[in-house]
Every structure is written in structure tokens, then in C-alpha cells.
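This report looks at how some strands pair and what surrounds them. Have the model open as you read.

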Amino acid sequence: MSRTYYIAGNWKMHKTRAEAAELAKALVSQLKDGKHRYLVAPSFTLIETVAPIVKGSNIRLGAQNMACEEQGAHTGEVSVLQLKDLGVQTVILGHSERRHNYREDDALINKKLKLALKHGLEVILCIGELLEEREAGKAEQVCETQVVKGLEGVPAAELANIVIAYEPVWAIGTGKTATPEDADAIHAFVRKLIGKLYGTDAAEKIIIQYGGSVKPDNAAQLMAKENIDGALVGGAALKPDTFVPIALFG
Ligand code: PEP
């Protein structure tokens, strides 16, 4: 496969500044010879602490969300300009916890995504179905809608700054992982969809990460699949002992 594996750690709402600094330092040191692409996405309050630690390393700096407006009267929100000011390079958008716990819909996610691209950020666009949607045979349909609406109005030239993370909601933080075959089937479906929307070259190049209870003991089997180009890791990203073996697989 010509695509470079991309392994990202979503730290969610965990860690104090001291704990984040300790984790970031350990990752910089233990991943320095890693041959894949890496990212960590700490909470907003930790970004300024983590930024100088990962600067100059092979670990990108990410954020877990951002506002849909550049600036203004938006109490409690964080702007793309503020993220850029801290050195953030990538933003995770449409995570299932944002979609389902905080009612973010495809239109809002699309607005954020276009704003992030306008300011030169890479976007990890998360998609994925709920358990009842999978059981009703609607996994592909749900993912198609989330991709089509999420990328609405995004020109082909911007696609190099988009990563898609397929995260079946029933597998996030539950210890249940999609089988490598089931995950690969959705990844193949999404890649084909990108082909229809943007052409075969874009489809061949786009990175599609898998997320949902990725652990050291299942990461290699998942990423061995043709269409799985990396991982978006939650729980296992919180400790070097679990993140590093995933990040150094292969
Ligand atoms: C996530 O946060 O995107 C995630 C996949 O979490 P976990 O690895 O804990 O399932």
C-alpha cells in the first residue's frame, strides 16, 4: 500500500497539565524512530503545555473540536484562530461523542470543516453508525450521509487535508471492536464513495483510520487490512504502554 499509516491519540477529557506533559514526553522519546504518521489531541487547556514538547518531533498536534465561527460572542467555544495561535495542525471533527452527546449535526460539522480547511488545518472527519443502525443494515447508508454532507462544498484540491476516521459508535470505549473484515468492508465502501465524489486518485490517496477500542492486541490485525490506513485511539492513547505498541506496529 502506498498510503502512510496514521495513528492518532484522542486524549478526550483526561489529564492535568503535568500528566499531559509526562505522556507527551514519553511519546516523543518512544516514537522518535517510528515510521508512521502520529498525532496527539489533548484537551484545549493542555494544548499550550503539549505544543513545545511535540514541536520538531514526528508527532502532530491536534485538537478535539473547534467552533464553527472564527471569533465573536460564542461563550464557551474555542476558535480556529486560537488553535492556530497555539500551533495546532489538525482538528478532529464529528466525533461520535460530539454528534450524539452534544447534538452536532452534519451541517454544523460541515461548517466547522470548511472553516478549518480555510485556515490550513488538517481535519480528521469522524463517521460511524450506532448499534441499532448496524443491526438494521444501515451502516453504509449512515456513513455515506456523514461523508457526503460532511464534505459538501469541499473541492478536490482540499482533499489532501482530509482524513476520515470510521468509528462504529458501538465500538467506542466499549471494548467491542469491529472485526477486521467488517471494518475493512466499510472502509472499502467509503473509499469507493470518495472515488465517486472526487475520482479514483483521491480515493486511492485518502487516509481512512479505524477507531473503536483499538488496543495493542488488535491493532496489527486491523491495520493489515487493505483499506485500513491507521487508527484513531481513545482509551489506549492515555498510556505509553498501550499507545506505543499500536503506533509502532508493523
Ligand atoms: C475515540 O475516542 O475515538 C475512540 C475510538 O475511543 P476508544 O479507543 O476508547 O474506543
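## Strand pairing

Strand β4 (residues 90-93) pairs with β5 in the parallel sense, over four bridges. Strands, like helices, are DSSP runs numbered from the N terminus (strands: E, at least two residues; helices: H or I, at least four). Two strands pair if DSSP finds at least two bridges between them. Val91 stands opposite Val123 in β5.

β5 also runs parallel to strand β6 (residues 162-166), joined by five bridges. Here Val123 stands opposite Ile162, and Cys126 has Ala165 as its bridge partner. β6 in turn pairs with strand β7 (residues 207-211), again parallel, over four bridges. Ala165 stands opposite Gln209 in β7.

## Basis of the model

This is a predicted model: local features need pLDDT of at least 70, side-chain atom pairs count only at pLDDT 80 or more, and totals for chains, interfaces and linings use all residues. Residues are numbered from 1 along each chain as its sequence is written, and side-chain values use heavy atoms, leaving out hydrogens and water.

## Buried strands

Six of the six residues of β5 (residues 122-127) are buried, so the strand is largely enclosed by the rest of the structure. Buried means under 20% relative accessible area (1.4 Å probe, protein chains only). In a regular strand, side chains alternate between the two faces of the sheet. In β5, Glu122, Ile124 and Cys126 cover one side, with Val123, Leu125 and Ile127 on the other.

β6 is also largely enclosed, because five of its five residues are buried. Ile162, Ile164 and Tyr166 lie on one side; Val163 and Ala165 lie on the other.

Key:
Buried means under 20% relative accessible area, exposed over 50%, partly exposed in between (1.4 Å probe, protein chains only).
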